[in-house]
Amino acid sequence: MTGSTQVSVRQRPSTPMRRALGLEWAHHRDGFLLYALLAVAIAVIAALTDVRLGWVAILLAARMPAALAEDGTDDGRLQRSALGISRADAVRARTLMVCAAQLVLALGAAAAILLAQWPPEERHWASFDIRPFENSGPTPMGPIDHLVDIGLWSGALLWTHALVGGGAFRLGERVRSIGAMATFLAVCLVAAVLFVASITGVSWALGGSEFLLEARLGQAITLLVTLGGGALALVLAQRRWVRRA
């Protein structure tokens, strides 16, 4: 009996953090693989047809803190205790697992955007049309338009994780999927208002002479606050969750 126990201990990952990640993977492996298959399917469908389902992957990514939260039983706590995993390491491992699942779905949504055929008149919510002549047709979106869109909703995902993810680590509290998705949509709305306000402010500062420059600067400011701010907010939130663990 003693010999088998020693073998089992030696076969464990060498650090509590690696054991915590292994436990998270064991709990959520099937769902993670399902998300990966869904991301690939969404990208392939967008490339081969006119059907764009990237929004499905984005909303699933927004609810990920709720999807990977524990079910409220003591099973997870008992398993962590048996493996010598501290609550702080469990928080770090859960945060990384949520981020990894969000990244997989975000890559699928981004591929769907980049591989899809977009009509000249269609626009992302933070894109604009620059026409060289008043009577010319609409200008098709370019790579910058797609990358700005991807960056903005990716930042909204980071903000959502930072704002709602802590509920998964507080005893007696559970993150709700609808609440997570509602938070994501609210962050997107704030980003849209910020985009308009940024263009207005830059236009006032420059005298309204260069719309293309004003619009690009508005996109850059919105990206900085949404994507850069979201990444910083998640790092700070994760540190706070670890301290409270």
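Visitor: Where does pLDDT stay under 50?
Guide: Over residues 1-10 of this predicted model. pLDDT is the predictor's confidence in each residue, from 0 to 100.

Visitor: How many residues are in the largest nonpolar core?
Guide: It has 29. A nonpolar core is a set of buried Ala, Val, Leu, Ile, Met, Phe, Trp, Tyr and Cys residues joined through side-chain atoms within 4.5 Å; buried means under 20% relative accessible area, with a 1.4 Å probe and protein chains only. Met-64, Leu-68, Leu-105, Trp-153, Leu-157 and Phe-184 have the most contacts inside this core.

Visitor: Which element gives the largest share of this core?
Guide: α6, with nine residues. Helices are DSSP runs of H or I, at least four residues, numbered from the N terminus.

Visitor: What does Trp-153 touch?
Guide: Beyond its neighbours within four places in sequence, Trp-153 contacts Ile-58, Ala-106, Ala-109, Ala-110, Ile-113 and Phe-184. Trp-153 is also among the residues nearest the centre of the second largest pocket, along with Gly-54, Trp-55, Ile-58 and Asp-149.

Visitor: What counts as a pocket?
Guide: On a 1 Å grid over the protein atoms alone, a pocket is an open set of points with protein on both sides within 12 Å along at least five of seven lines, whereas a cavity is a set where a 1.4 Å probe fits but cannot get out; lining residues have an atom within 4 Å of a point.

Visitor: What lines that second largest pocket, by class?
Guide: Eleven nonpolar, two polar and four charged residues. Ala, Val, Leu, Ile, Met, Phe, Trp, Tyr, Cys and Pro count as nonpolar, Asp, Glu, Lys and Arg as charged, and the others, Gly among them, as polar. α3 supplies the largest share of this pocket's lining, four residues.

Visitor: Which residues line the second largest cavity?
Guide: Among them are Pro-65, Arg-94, His-161 and Trp-241. α6 gives the most to this lining, three residues.

Notes: Residues numbered from 1 in each chain as written. Predicted model: local features only at pLDDT ≥ 70, side-chain atom pairs only at ≥ 80, totals over all residues. Heavy atoms only, no water. Buried < 20%, exposed > 50% of the residue type's maximum accessible area, 1.4 Å probe, protein only. Helix = DSSP H or I, 4+ residues; strand = E, 2+ residues; numbered from the N terminus. Contact = heavy atoms within 4.5 Å.
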